[in-house]
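Subject: Handing over a structure, with notes on what was found

Dear colleague,

I am passing on a structure for you to look through, and my notes follow it. Please keep it open beside this email while you read.

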Amino acid sequence: MSAPVVVSPSAKHTATVIWLHGLGDNGSGWSDVAHQLNLPWVKFLLPNAPSRPVTINMGASMPAWADIKGLSPDAPEDEEGTMKTRKYIHDLIAEEGKNGIPADRIMVGGFSQGAAMACFAVLTHEARLAGCFVLSGYLAFKCLQDEDEDRKVGHRAGSCYAILSGLILILVLVLVLVLVLVFPTF
């Protein structure tokens with residue numbers, strides 16, 4: 001994957017937001033929003049998905065975090081692509097940790113397919129992160145229900161199962177502001 005677009009903080013860097021774009025877009029597609037949020041202590045990492053064939057788009061190659069094979073709840077998922085994206089997000093989180101930003105000051109989210117990947121990565125991350133925002137996204141249900149320990153969500157998803165009840169998860173960007181970003185040294 002190519003290097004993420006970075007919107008650097010203008011003050012002391014105390015928090016990071018990793019924001020994943022949707023199908024067919026790229027990291028720079030959200031850079032204006034990151035600038036407009038005007039959060040001087042926050043670094044925004046806007047990764048770029050690799051280009052790959054997407055089944056629901058007649059196999060056309062486009063930026064995608066994983067293949068989308070169908071839109072029905074029982075459609076097969078691209079487990080390999082989802083797991084590679086999860087590893088990439090976890091690696092970005094680890095790199096921010098090496099740069100002195102603790103996990104509880106890192107928020108991951110995205111739009112559409114990026115939101116689904118962000119949610120899966122946050123729910124399966126070993127550390128408690130600042131949060132996850134999901135804009136017009138969904139949850140990778142089959143991956144969350146898998147009993148394989150490497151992919152199991154565990155206790156963190158318990159409340160999600162109760163809330164979701166099979167529906168699409170949609171959260172508001174306000175969570176970003178309320179949970180961590182309004183308080184630069186929280």
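In which sense do strand β4 and β5 pair, and over how many bridges? The two strands, β4 being residues 51-54, pair in the antiparallel sense over 4 bridges, where strands count as paired if DSSP finds at least two bridges between them. Within this pair, P53 stands opposite S61 in β5, and the hairpin that the two strands form has 5 residues between them, with M58 taking a positive phi near 55 degrees.

Before going further, please note that this is a predicted model, in which local features need a pLDDT of at least 70 and side-chain atom pairs count only at pLDDT 80 or more, while totals for chains, interfaces and linings use all residues. Residues are numbered from 1 along each chain as its sequence is written, and side-chain values use heavy atoms, with hydrogens and water left out.

The pLDDT, which is the predictor's confidence in each residue on a scale from 0 to 100, averages 82 for the chain, and 75% of the residues score at least 70. Over residues 154-179, however, the pLDDT is below 50, and this stretch has 43 contacts in the model beyond near neighbours in sequence, a contact meaning heavy atoms within 4.5 Å.

**The chain as a whole**

The secondary structure comes to 6 helices and 7 strands, where helices (H or I, at least four residues) and strands (E, at least two) are DSSP runs numbered from the N terminus. Read from the N terminus on, the elements follow the pattern β-β-α-β-β-β-α-β-α-β-α-α-α. Of the 186 residues in the chain, 46% are buried; here buried means under 20% relative accessible area, exposed means over 50%, and partly exposed lies in between, for a 1.4 Å probe and protein chains only. Among contacts between residues at least 6 apart in sequence, 71% join residues at least 24 apart.

**The sheet and the helix packed on it**

Five strands form an open sheet with mixed pairing, in the order β1-β3-β2-β6-β7. Its edge strands, each pairing on one side only, are β1 (5-7) and β7 (131-135), and neighbouring strands are turned by 15 degrees against each other on average, direction ignored. β1 and β3 run antiparallel and are joined by 3 bridges, with V6 standing opposite L45 in β3.

Helix α3 packs on this sheet, where it touches β2 (15-20), β6 and β7, and its direction makes about 150 degrees with that of β6; such angles run from 0 to 180 degrees between N-to-C directions, the axes being lines fitted to C-alpha atoms, for helices over the stretch in contact. This helix is mostly covered, since 11 of its 11 residues are buried, including G114, F120 and V122.

With 20 residues, α2 reaches 28 Å from its first C-alpha to its last, close to the 28 Å expected at 1.5 Å a residue, the expected span being 1.5 Å times one less than the number of residues. Among its buried residues are M83, Y88, I89 and L92, and just after the helix G100 takes a positive phi of about 95 degrees. P73 lies in the loop between β5 (60-63) and α2 (79-98), where it is exposed, with a relative accessible area of 75%. Although P73 and A140 are 67 residues apart in sequence, they are 9.5 Å apart in space, C-alpha to C-alpha.

**Backbone angles and cysteines**

Most residues other than glycine have a negative phi. N38, in the loop between α1 (31-37) and β3 (42-46), has a positive phi near 50 degrees and counts as exposed at 59% relative accessibility. S112, in the loop between β6 (106-111) and α3 (113-123), likewise has a positive phi, of about 55 degrees, and is partly exposed at 24%.

If a disulfide is taken as a pair of cysteine sulfur atoms within 2.5 Å, the count comes to 0. C119 is in no disulfide, the nearest cysteine sulfur being that of C132, 4.6 Å away. C119 is buried, with a relative accessible area of 4%, and C132 also counts as buried, at 16%.

With best wishes
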